[in-house]
Amino acid sequence: MKHEIIIAGFGGQGVLSMGKILAYSGLMEGKEVTWMPSYGPEQRGGTANVTVILSDDPISSPILNEYDIAVILNQPSLDKFESKIKPGGILIYDGYGIHSEIKRNDIQVYRVDAMDTAAEMQNAKSFNMLILGGLLKVAPMVKMENVLLGLKKSLPARHHNLIPMNEAAIQKGMEIIQKV
């Protein structure tokens, strides 16, 4: 098993956090893991992306030119990474941030309306957990109990009271993702 993933969007959307939670979850399962964040100097509002590799075997390099899975949260990221998804790969996007049609027909495309759902839930901070839930529904690469452990590891102790809300958002994300 090997998943090469890019998660990309604007700073402040929880892109790096999603990657970190996936990485910690993989570690909890004894997988080989890389987590490589990339963001502009402006962080919030600028573009950000993170590459995560989860593998049963040693990982030769954290640098990738193509991805098995791309989670895309804004138009600039779609423009940059759509062509870098391997044929047969997966593209997951939030409908709120994408304004043009997906051009590829050799990949699986899924839409998760996380921004709208977060607004309905009156909890903007659940956005990235809704996306993560959609990803884990389509590609269940780590077990939910390890995702919760990864969440606990990545959140400061003062925010551990938010774990049940985050778990509910992950579950909701699994329900709302749709194949396009």
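The model is predicted. Its largest pocket holds about 1000 Å³ of space. Helix α5 takes part in two of the pairs described here, with α6 and with α1.

**The largest pocket**

- The lining of the largest pocket has 35 residues, and those closest to the pocket centre are Gly12, Gln13, Gly14, Ser17 and Asn128.
- Five elements each give at least two residues to this lining: α1 (15–28), β2 (32–39), α4 (127–138), α5 (144–154) and α6 (163–176).
- Helix α1 supplies the largest share, with five residues.
- Sorted by class, the lining has 18 nonpolar, 13 polar and four charged residues.

**α5 with α6**

- These two helices pack at an angle of about 135°, and their axes lie 11 Å apart.
- The crossing of α5 and α6 is right-handed.
- On the α5 side, the contact uses Met144, Val147, Leu148, Leu151 and Lys152.
- On the α6 side, the partners are Ile163, Asn166, Glu167, Ile170, Gln171 and Met174.
- This contact of α5 with α6 has seven nonpolar, two polar and two charged residues.

**α1 with α5**

- Helices α1 and α5 pack at about 120°, with 8 Å between their axes.
- α1 is therefore oblique to α5.
- The crossing of α1 and α5 is right-handed.
- From α1 come Lys20, Ile21, Tyr24, Ser25 and Met28.
- From α5 come Asn146, Val147, Leu149, Gly150, Leu151, Lys153 and Ser154.
- By class, the contact of α1 with α5 has six nonpolar, four polar and two charged residues.

**α4 with α6**

- The axes of α4 and α6 come within 6 Å and cross at roughly 50°.
- α4 and α6 are therefore oblique to each other.
- Their crossing is right-handed.
- α4 brings Met129, Leu130, Leu132, Gly133, Gly134, Leu136 and Lys137 to the contact.
- α6 brings Asn166, Ala169, Ile170, Lys172, Gly173, Met174 and Ile176.
- The residues in the contact of α4 with α6 divide into eight nonpolar, four polar and two charged.

How values were computed:
Residues numbered from 1 in each chain as written. Predicted model: local features only at pLDDT ≥ 70, side-chain atom pairs only at ≥ 80, totals over all residues. Heavy atoms only, no water. 1 Å grid on protein atoms, 1.4 Å probe; cavity = no way out; pocket = protein on both sides within 12 Å on 5 of 7 lines; lining within 4 Å. Points joined across faces, edges and corners; volume = space filled by probe spheres on them. Helix = DSSP H or I, 4+ residues; strand = E, 2+ residues; numbered from the N terminus. Nonpolar A, V, L, I, M, F, W, Y, C, P; charged D, E, K, R; others polar. Axes fitted to C-alpha atoms, helices over the stretch in contact; angles between N-to-C directions. Left-handed = near helix turned anticlockwise from the far one by under 90°. Contact = heavy atoms within 4.5 Å. Parallel < 35°, antiparallel > 145°, perpendicular 65-115°, else oblique.
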